[in-house]
Amino acid sequence: MAKTPLGRLDPRAFGMLELPRIDPQILDGFRALGDLTGTTSDAMDECRITGVVPGSTLRATDARARVVGQAVTVLNQRREASERKKSGLGEIEAHNLAEPGDVLVIQGIAGVSSMGGVSASVGKRQGEAGAIVDGAVRDIDHSRGIGYPVWCSSVSPITGKWRIQTVAINRPVSICGISVSPGDLVIADEVGVCFVPFERAAEVLAVAQRLTKREADRLAKLDSGMPLEEWIKL
């Protein structure tokens, strides 16, 4: 049964209420990759796909976290009026639509928090894998403590309640200059974040698995004592 909006935003703000779904076996295939974002990035290079953000740009709040999931998108814009009676943040609508394993992807504002501890707790309750925020977040001790990893371009204690307006849910967003559509595949670890277009997930996985096998074979031969002059020809 399709979920219905909570009424927090104008119905016209929603691009879709249900995401197209990637085969779970494809998601599991990515999760099985050892060097998660490194191998995915190499595969995207081979497939001529632009969509990788370095970990120095989107920093992981938990260096141990690894995420593979589909994007539920949120578009936030700067709010001109400083109305302090009602928050302009509406990512609760995205949390409401998310399925377990999904990743919240927020186009936010530099220096102003698009997500705090309460929002992270809601995301955790919904079973989300984590969040990617091109903008600031706060309460990262809380999100890290509950096991809800966040990748963000900055951290700030400044609330977005009166400074940010959520204007769209599940419409295309721009994350560090990369266009991300709802349903796209999100791959993230401490090294960086990869956004794989929905329709190319299987193609990228096949290349990543081939690259993984080749790398494993080369390392096995290196460990076996193969002379370097022979090994570099592999």
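This is a predicted model: local features need pLDDT of at least 70, side-chain atom pairs count only at pLDDT 80 or more; totals for chains, interfaces and linings use all residues.
A disulfide here is a pair of cysteine sulfur atoms within 2.5 Å. Residues are numbered from 1 along each chain as its sequence is written, and side-chain values use heavy atoms, with hydrogens and water left out.

How many disulfides does a search of the whole structure find? The search gives 0. Take Cys152: the closest cysteine sulfur, in Cys176, is 10 Å from its own, too far for a bond. Cys152 is also buried, at 4% relative accessible area. By buried I mean under 20% relative accessible area, with exposed over 50% and partly exposed in between (1.4 Å probe, protein chains only). Cys194 is buried too, at 1%, and its sulfur lies 12 Å from the closest cysteine sulfur, in Cys47, again too far for a bond.

Now, on to helix H4. Helices are DSSP runs (H or I, at least four residues), numbered from the N terminus. H4 covers residues 117-125, and its buried residues are Gly117, Ser119, Ala120 and Gly123. They line one face of the helix, because down the axis they fall within an arc of 160 degrees, taken from the directions from the helix axis to the C-beta atoms. Val118 and Arg125 are exposed, on the face turned away from that buried side.

What covers the buried residues of H4? The cover includes helix H3 (92-97) and helix H5 (140-145), with contact meaning heavy atoms within 4.5 Å. Finally, after H4 comes Gly127, with a positive phi near 85 degrees. Thanks, everyone!

Key:
Helices (H or I, at least four residues) and strands (E, at least two) are DSSP runs, numbered from the N terminus.
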